[in-house]
Amino acid sequence: MKIAIDTFGSEHGRSGFGSYILNFISNLPQEISSQELTGTTINADTNKNAAKSENSSENKTDIQIELFGLEDDRYTYTSGKDIPFTSPKISSSKKAEQKWHLRKINSFIKKNKYDAVIYPCVCKVFPVKFKNHMGIAIINSIISIDMKEMSFFQRKHLKKGLKNIQKIVAASEYIKKDLIKLGINPQKIQVIHNGIDHKVFFPMPNLDNDIIDINPFSIKRPYFIYGSSLSGPEKKHIELIKAFELFKKNTNLPHRLVLAGNEGEYSKQVQQAVFSSEFASDIFLVGYFPHESFAKLYAGAEACLFPSVNEGVGLPILEAMACSIPVLCSQEGALKEIGGTSPLYFDSDNIDQISALMQKIVEDKELRNNIVFDSILWANEFNWEKTVRQTLAII
């Protein structure tokens with residue numbers, strides 16, 4: 001069985017879509033067969049089939065993974081694995097890629113004899129029809145929110161594609177509910193949580209230095225960390241800055257606030273809030289931070305603060321939990337589903353509440369230790385090996 005992954009629209013690995021593909025490929029089992037994968041989903045009927053397949057080698061089907069996309073990405077996602085990559089002859093423009101997905105992708109799939117295709121970048125490039133193959137859409141964001149930034153044609157195109165595709169993998173129950181509200185058949189939606197990379201995010205108990213050195217930054221402890229792009233008011237950077245100011249006034253503690261993430265449409269407003277703060281010298285806007293460097297940044301922090309209210313997945317809170325620091329986060333979106341009972345949740349518009357929880361996590365050492373212990377156990381349940389096997393089992 002040949003399963004292909006569409007890498008178009010993934011911004012050469014420098015996006016959430018690209019990160020998904022990289023993690024998926026790097027965590028593929030060494031040898032893949034349908035017999036090995038049958039029992040990996042939580043579906044009861046599937047487990048029955050697994051028992052049958054154990055007694056019959058005739059049910060075993062070898063699975064081959066391939067990639068297709070821009071020639072520039074031939075070596076972007078292979079992670080040192082010997083995985084075939086095919087590049088159709090099209091220009092690397094967004095318009096050309098979208099046009100190809102509308103008109104030519106099905107003949108390309110037929111020519112390459114793909115039985116199934118995984119589409120991780122449906123908000124960027126996506127077919128409307130799925131001929132001669134099973135289509136699997138990967139949804140890691142809240143589509144109803146994504147659609148607000150699209151033209152009428154793009155919204156219509158995306159909804160039609162999602163209604164026609166055979167299977168949708170949603171990264172959370174919250175995303176699934178959003179898709180159902182858009183009129184997508186719930187029977188075709190399967191929730192499979194994303195994993196986190198435990199080779200990168202893990203406890204670092206030996207960080208005793210007063211200063212955390214992460215090139216090109218040196219950050220003096222203690223500090224709180226919030227890692228998210230400055231993309232819009234729903235990220236709640238300004239509310240967090242106000243809560244930090246109140247925390248400083250109430251406690252007179254030396255803590256700092258580190259805001260790490262790409263600049264976006266909301267950057268000027270956040271920068272203005274920082275510069276006008278009476279505690280501006282204790283607030284650091286560090287901009288883009290390599291994903292692999294976040295582990296040390298998390299591990300050295302007093303706590304991870306995550307006030308964003310429109311998260312469909314919320315992997316940063318899991319990554320912080322895996323690094324053995326407490327998480328204080330919004331009660332909105334998918335964060336309660338992803339975070340479980342370990343974080344301290346707050347109303348992101350309630351400045352007093354956020355400030356009080358920041359003070360509590362600093363002063364109550366027993367609470368902190370209990371949260372850290374529970375967080376590590378919870379985060380360990382999320383791994384990419386499980387995500388990959390469950391996704392392949394569906395196909």
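Where does Asn 252 lie? Asn 252 is found in the loop between α9 (237-251) and β11 (256-260). Helices here are DSSP runs of H or I with at least four residues, strands are E runs of at least two, and both are numbered from the N terminus.

Colleagues, this is a predicted model, in which local features need pLDDT of at least 70 and side-chain atom pairs count only at pLDDT 80 or more, while totals for chains, interfaces and linings use all residues. Residues are numbered from 1 along each chain as its sequence is written, and side-chain values use heavy atoms, without hydrogens and water.

Asn 252 has a positive phi, near 55 degrees, although the residue is not glycine. Its relative accessibility is 70%, so Asn 252 counts as exposed (exposed means over 50% relative accessible area, buried under 20%, partly exposed in between, with a 1.4 Å probe and protein chains only).

I turn now to β10. The loop between β9 (217-220) and β10 (223-227) holds Pro 222, which is joined to Arg 221 by a cis peptide bond with omega about 0 degrees. In β10 itself, 5 of 5 residues are buried. Tyr 223, Ile 225 and Gly 227 point one way, and Phe 224 and Tyr 226 the other.

β10 pairs in the parallel sense with β11 over 5 bridges; pairing requires that DSSP find at least two bridges between the strands. From β10 the chain crosses through α9 to β11, a right-handed β-α-β crossover: with the strands pointing away from the viewer, the path from the first strand over the helix to the second runs clockwise. β10 also runs parallel to β13 (residues 303-306), with 2 bridges, and Phe 224 has Ala 303 as its bridge partner there.
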